[in-house]
Amino acid sequence: SPALLDINLKIKSGEFVSIVGHSGAGKTTLLKLILAEDKPTKGRVFFEDVDIHKLSRGSLLKLRKRIGMVFQDFKLLSSKTAYENIAFAMEAVGKTDDEIYTDVPHVLDLVDLSDKMDSFPSQMSGGERQRLAIARAIINQPEVIIADEPTGNLDPINTYEVVQILKKINDLGTTVILTTHNRGVVESIGKRVITMEGGRIVRDDKDGKYLI
């Protein structure tokens, strides 16, 4: 059976959209289509006016640089400090030492981790690691942040802090697409919620209702 059916979805620049639904509802598949990791058997996916599944490999890599990813399991480099984890992401896109020296402290401040600059991930709490992962995702100023269950492994206090950071990033103009199981997260954001069930969108609410 298809993973997704009859999906017709438009996300505007600058929106904060939460995608909710039980395991197997199709949330991760939807994200993979947006990232062009999976191809749709039917239908098309556009980023602005570009059909992303028609892009060459080089153009696709450029597109992916416009999207920052945050994962449930952080995917940090354990042998590098907080500072080095972010610097590494900047080096990967060819940023200069001067840019790194200027931008890394700024982004660590944005996610309230200035005092953890020289800490390794193993010395940080789960919430701090997730905030570091968010800092790394935004350091190259993507237009879109995709956060796949970013609070899935966190307690309520750390969850709240991570959500506040994502809201702050959205307030600065970045589009945020979040998947979550957590009703409290969605209600605290109070923005658009898309509810998926069995590969379909069953609700699209403008104001943070989660009615599964």
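Predicted model: local features only at pLDDT ≥ 70, side-chain atom pairs only at ≥ 80, totals over all residues.
The protein contains 7 helices and 8 strands. Its radius of gyration is 17 Å, close to the 17 Å given by the globule rule for 212 residues, so the protein is as compact as a globular protein of that length. Along the principal axes, the C-alpha atoms fill a box of roughly 45 × 40 × 30 Å. Of the 212 residues, 46% are buried. Among contacts between residues at least 6 apart in sequence, 67% join residues at least 24 apart.

Six of the strands are arranged in an open sheet, in the order E4-E5-E6-E1-E7-E8 and with mixed pairing. The edges are formed by strand E4 (67–70) and strand E8 (200–205), each of which pairs on one side only. From one strand to the next, the twist averages 20°. In general, the strands of a sheet pair through backbone hydrogen bonds, in either parallel or antiparallel fashion. Strands E4 and E5 run parallel and are joined by 4 bridges; within this pairing, Ile67 has Val144 of E5 as its bridge partner. E5 is in turn joined to E6 by 5 bridges, again with the two strands running parallel, and here the bridge partner of Val144 is Thr175 in E6. In E6, Thr180 stands opposite Val20.

Strand E5 is mostly covered, with 5 of its 5 residues buried. In a regular strand, side chains alternate between the two faces of the sheet. For E5 both faces are covered: Val144, Ile146 and Asp148 are buried on one side, and Ile145 and Ala147 are buried on the other. Helix H1 (residues 27–34) lies across E1, E4, E5, E6 and strand E7 (192–197), and runs at about 150° to E6.

The largest nonpolar core comprises 36 residues, of which Ile86, Leu132, Ile134, Ile145 and Leu166 touch the most other members. Two or more residues are contributed by each of helix H3 (82–92), helix H4 (97–110), helix H5 (126–138), strand E5 (144–148), helix H6 (156–171), strand E6 (175–180) and helix H7 (183–189). The largest share, 6 residues, is provided by H5. Beyond its sequence neighbours up to four places away, Ile86 touches Val104, Val107, Leu108, Leu132, Ala135, Arg136 and Ile139. A second, separate core holds 22 residues, including Leu4, Val17, Leu30 and Leu63.

Three further residues were examined individually. Arg192 lies in strand E7. Its relative accessible area is 8%, below the 20% limit, and Arg192 is therefore classed as buried. Two polar interactions of its side chain can be described. The side chain of Arg192 reaches the backbone oxygen of Lys10 at 2.9 Å, and a polar contact of 3.0 Å connects it to the side chain of Glu15. With residues up to four places away in sequence excluded, the contacts of Arg192 are Leu9, Lys10, Ile11, Glu15, Phe16, Val17, Ser18, Asp204, Asp205 and Lys206. Among these, Val17 is also a member of the second core.

Gly68 is located in strand E4. Although E4 is an edge strand of the sheet, Gly68 counts as buried because its relative accessibility is 3%, under the 20% limit. Excluding residues up to four places away in sequence, Gly68 touches Ala137, Pro142, Val144, Ile145 and Ile146. The C-alpha atoms of Gly68 and Asp171, which are 103 residues apart along the chain, are separated by 16 Å.

Thr102 lies in helix H4. A polar atom of the Thr102 side chain is 2.9 Å from the backbone oxygen of Asp98. The C-alpha atoms of Thr102 and Val45 are separated by 36 Å, the two residues being 57 positions apart along the chain.

Technical notes: Residues numbered from 1 in each chain as written. Heavy atoms only, no water. Core = buried A, V, L, I, M, F, W, Y, C linked by side-chain atoms within 4.5 Å. Buried < 20%, exposed > 50% of the residue type's maximum accessible area, 1.4 Å probe, protein only. Contact = heavy atoms within 4.5 Å. Pairing = 2+ DSSP bridges. Axes fitted to C-alpha atoms, helices over the stretch in contact; angles between N-to-C directions. Polar contact = N/O pair within 3.5 Å; in protein donor to acceptor, adjacent residues only side chain to side chain. Rg over C-alpha atoms; globule rule 2.2 N^0.38 Å.
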